[in-house]
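Reader: Could you walk me through this model with a few questions and answers?
Author: Gladly, let us look at it together.

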Amino acid sequence: MSAQPPSLLIVEDDLALQKQLKWSMDRFESVTADDVASAVLQFRRHKPPVVTMDLGLPPDQDSVSEGFKLLEKLIELEPGTKVIVLTGQNDQSNALRAIRMGAYDFLAKPVDPDVLVLTVERALRLHELQQENQRLLTQQDGEPTGRLLTRDPQMQRLCRTVERVAGSDATVLLLGESGTGKEVLAQSLHDASKRKGRFVAINCAAIPEALLESELFGYERGAFTGATKTTVGKIETAHGGTLMLDEIGDLPMPLQAKLLRFLQERSIERLGGRQEIAVDVRIVGATHQDLKAKIAQGLFREDLYYRLAEIVVEIPPLRDRVGDAVLLSHAFLRRFSSEQRRPILRLADDAIRAVEAHRWPGNVRELQNLMKRASIMADGDRITADDLNLPVPGGEAPGDEPELDLRTVRERAERQAVVAALARTDGNIAKAADLLGVSRPTLYDLMARLGVKA
């Protein structure tokens, strides 16, 4: 038995043809099967990245029902598998149906061995690239800020800031429009801090003012009608960890004074209690509002602002992050495809252009919801602009006053082109290089010079 795992499964019920196919593709480590049951068994045992299969399989070789049953099962077991369907000369409708179900390609019989070998080689290469891309994404998830998927220079600088601040106990204030990912960033800050306690988030705008104090500080039994037992508040729950106060700009003035006292003393009293309770918790505030304007209006305490704003992080909106909308779209489609147990969904060219052109007033949250809806409603494995219900841009919008320094213009244009190409190809270096019209070594050199991460 070969030391290498097989890279190819050949499913063919005609044993003479099966032997011929195996011989013509002897450069690949392969295993064979002649019906659905044996094919599934071999596939489960060896997990080959590429499968060639005939649609006419026993017990009903004259029908395609068994072939489609097998195709559906293989894609269900491993959506990334590249299945090459071998069909009759006049069987294009079934071939197209197979592609819609998730097959990689189809070839008409009798198959030219050279064409088949080339198709298998391309399928293997694509599978390797996708696996490498997934490995890099998994590797990124292991970093402190791995939750933040970005290639935008502003966001990458922001990630480095989070990593530097994480080891301290400084209070952090996150500013940004709704949906930009403030809670994701706060969670990343907590993960990078190595604090042993929990990450706890509370939305100050979502809880009625009468209940917010008890939610934050807890209460003793009998503190008010209905308080039948002592209950720990969110601040105590986050002891040893991180407490995120989302929409802190909506915190009522009386609670602002009590929160300020906690930040100064690092101890609380539950409602109805008399005992000071020391709490070790890091506070992360977040808001989409202009707190300095609220201070000027007398709606937010200036002393609380400066307690919260030891470190201020301003998160740019999605429309200002070069390439991130398409990059995040690919990531969301991978996740939703997996959750719905369907082949990996891809963005069509018109969808990519539409995503790049859209202003995303709802930011990442809007993008995520749109991709989820499209992944549910799309008929095939390609998401189009119509599936997204977004207009396809017809031309470029007029720009601001142009920058005339040629070096600056060239570097900016090169960076934007490289980042956009990597986003469009979902991080595939080979495809990005083709899109840019350069070799892979040249693209790697460009990425190193421009500071673009793979």
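Reader: Which residue forms a salt bridge with arginine 27?
Author: A salt bridge here is a side-chain nitrogen of Lys or Arg within 4 Å of a carboxyl oxygen of Asp or Glu. The closest N and O atoms of this pair are 2.8 Å apart. The partner counts as partly exposed at 32% relative accessibility, and is glutamate 121.

Reader: How many residues apart in sequence are the parts tied together by arginine 195 and aspartate 280?
Author: These two form a salt bridge with closest N and O atoms 2.9 Å apart. Arginine 195 lies in the loop between helix H7 (182-193) and S7, and aspartate 280 in the loop between strand S10 (277-278) and S11; helices (H or I, at least four residues) and strands (E, at least two) are DSSP runs, numbered from the N terminus.

Reader: What is the nearest side chain of opposite charge to aspartate 246?
Author: Aspartate 246 is found in strand S8 (residues 242-246), and is buried yet has no salt bridge. Lys and Arg count as positive and Asp and Glu as negative, while His and the chain ends are not counted. At 5.3 Å away, the side chain in question is lysine 182.

Reader: What is the strand order of the open sheet of 5 strands?
Author: Two strands pair if DSSP finds at least two bridges between them. The edge strands, S7 (199-203) and S12 (311-314), each pair on one side only. With parallel pairing, the order is S7-S8-S11-S6-S12.

Reader: Over which residues does the model have 0 contacts beyond four places in sequence?
Author: Contact means heavy atoms within 4.5 Å, and pLDDT is the predictor's confidence in each residue, from 0 to 100. Where pLDDT is low, the predicted coordinates should not be read in detail. The stretch asked for, where pLDDT stays under 50, is residues 395-401.

Conventions: Residues are numbered from 1 along each chain as its sequence is written. This is a predicted model: local features need pLDDT of at least 70, side-chain atom pairs count only at pLDDT 80 or more; totals for chains, interfaces and linings use all residues. Side-chain values use heavy atoms; hydrogens and water are left out. Buried means under 20% relative accessible area, exposed over 50%, partly exposed in between (1.4 Å probe, protein chains only).
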